[in-house]
Amino acid sequence: MSSSSERPQNSGPFRIGDRVQLTGPKGKRNTITLESGRQFHTHKGMIDHDDVIGRPDGSVITNSAGLDYLALRPLLIDFAMSMPRGAAIIYPKDAAQILAQADIFPGATVVEAGVGSGALSLWLLRALGPAGTLTSFERREEFAAVARGNVATFTGVDPSNWTITVGDLAEELPNAAPRASVDRVVLDMLAPWECLDVVSDALVAGGVLLCYVATVTQLSRVAEAIRDSGLYTNPESTETMVRGWHVEGLAVRPEHRMIGHTGFLITARRLAPGAVLPELKRRASKSDFSADDVEVWTPGALGQRTVSEKSLRKRVRAAEAGAEASKSRDLGESAPPVADAPDDEH
């Protein structure tokens, strides 16, 4: 992904090691990793992997019971929603807005924290292109392992323009990025205001800081911290919601389900050294926070689900196995078996 010698984007006939999304008659999707000699089983028949290998993308495969399945390589949006997860992912709707609002461009130098399961890392790497660099920070080694596996599974390589540092951003960033050397910083963490000092040192003048936060309390606190620093333009906050539509002839209506609130995006740009932002006319707001305010948005107080250690170890193994299978494509190596699972189980 970072040099001409690395594997190109997936295209052409299906190969051993490719991930294939099989969509059945009722629209249920299953993603499998192709291995010669293996079979994909359902309660209504099976499909030999060898019947898929060599077929062009977009083929229709008939299983042993006579049912037709559409075979497609998963798009990044499909992969992100079905890949093994350590931490919760950033949804594609938010990832798209992050790329736009942070103005991620080919060749940029980008810092990301935390990496979670690697979904946003994949979007960032694609937008940066081979000339850009992505430096990611993650506090937990298990989450970093899942992210490495997921990125390698989708791309087929370990991108040479991507590094993950396991540790605290506030402590590690000064060692990883010289002063005024980073174009964009994307923070997906509980308390981004705690890292403003080191982030501000690393950002170039005019660089973009983008924070992804889940609650209004976090949103308010990070906005006031950005203003109080005096180092940024006035922050702008947004929320993205996506509603699908059912369209069949004249039967046109909104879908019954939609992706509502997942998080807020707040962006600001780094001022030049010594620059003072002109005062904005706005009503005074209460910007003082106490320890009690912090407790309001902690994961425990919000009732967020946590991943058990046993489940997390299983997801690490699944991500690493998928990565090995993907990286061994066309190399004649024997990749470890990868368990197939319906996409809606992740």
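Author: Happy to. This is a predicted model, in which local features need a pLDDT of at least 70, side-chain atom pairs count only at pLDDT 80 or more, and totals for chains, interfaces and linings use all residues. Residues are numbered from 1 along each chain as its sequence is written, and side-chain values use heavy atoms, with hydrogens and water left out.

The chain has 11 helices and 16 strands; these are DSSP runs numbered from the N terminus, with helices being H or I of at least four residues and strands E of at least two. Of its 346 residues, 46% count as buried, where buried means under 20% relative accessible area, exposed over 50% and partly exposed in between, using a 1.4 Å probe and protein chains only. Among contacts (heavy atoms within 4.5 Å) with a separation of 6 or more, 67% are accounted for by residues 24 or more positions apart.

Now to your helix. α4 is mostly covered, since 9 of its 10 residues are buried. The buried ones are A119, L120, S121, L122, W123, L124, L125, A127 and L128. Leading up to the helix, G114 sits in the loop between β7 (109-113) and α4, and a cis peptide bond with omega of about -15 degrees joins A113 to G114. Just after α4, G129 takes a positive phi of about 70 degrees.

Next, its partner. Two packed helices are described by the angle and the distance between their axes. Here the axes of α3 (residues 92-101) and α4 (residues 119-128) come within 10 Å and cross at roughly 35 degrees; axes are lines fitted to C-alpha atoms, for helices over the stretch in contact, and angles run from 0 to 180 degrees between N-to-C directions. On the α3 side, P92, A95, I98 and L99 make the contact, and on the α4 side L120, W123, L124 and A127 do. These residues divide into 8 nonpolar, no polar and no charged. D103 counts as partly exposed, at 43% relative accessibility.

Finally, the wider setting. A nonpolar core is a set of buried Ala, Val, Leu, Ile, Met, Phe, Trp, Tyr and Cys residues joined through side-chain atoms within 4.5 Å. In the largest one, with 33 residues, I98, I104, L120, L134 and W162 touch the most other members. At least two residues each come from α2 (76-82), α3, α4, α5 (141-155), β9 (162-166) and β11 (203-213), and α4 gives the largest share, 8 residues. A second, separate core of 30 residues includes L173, L187, M189 and I226.

Technical notes
Nonpolar A, V, L, I, M, F, W, Y, C, P; charged D, E, K, R; others polar.
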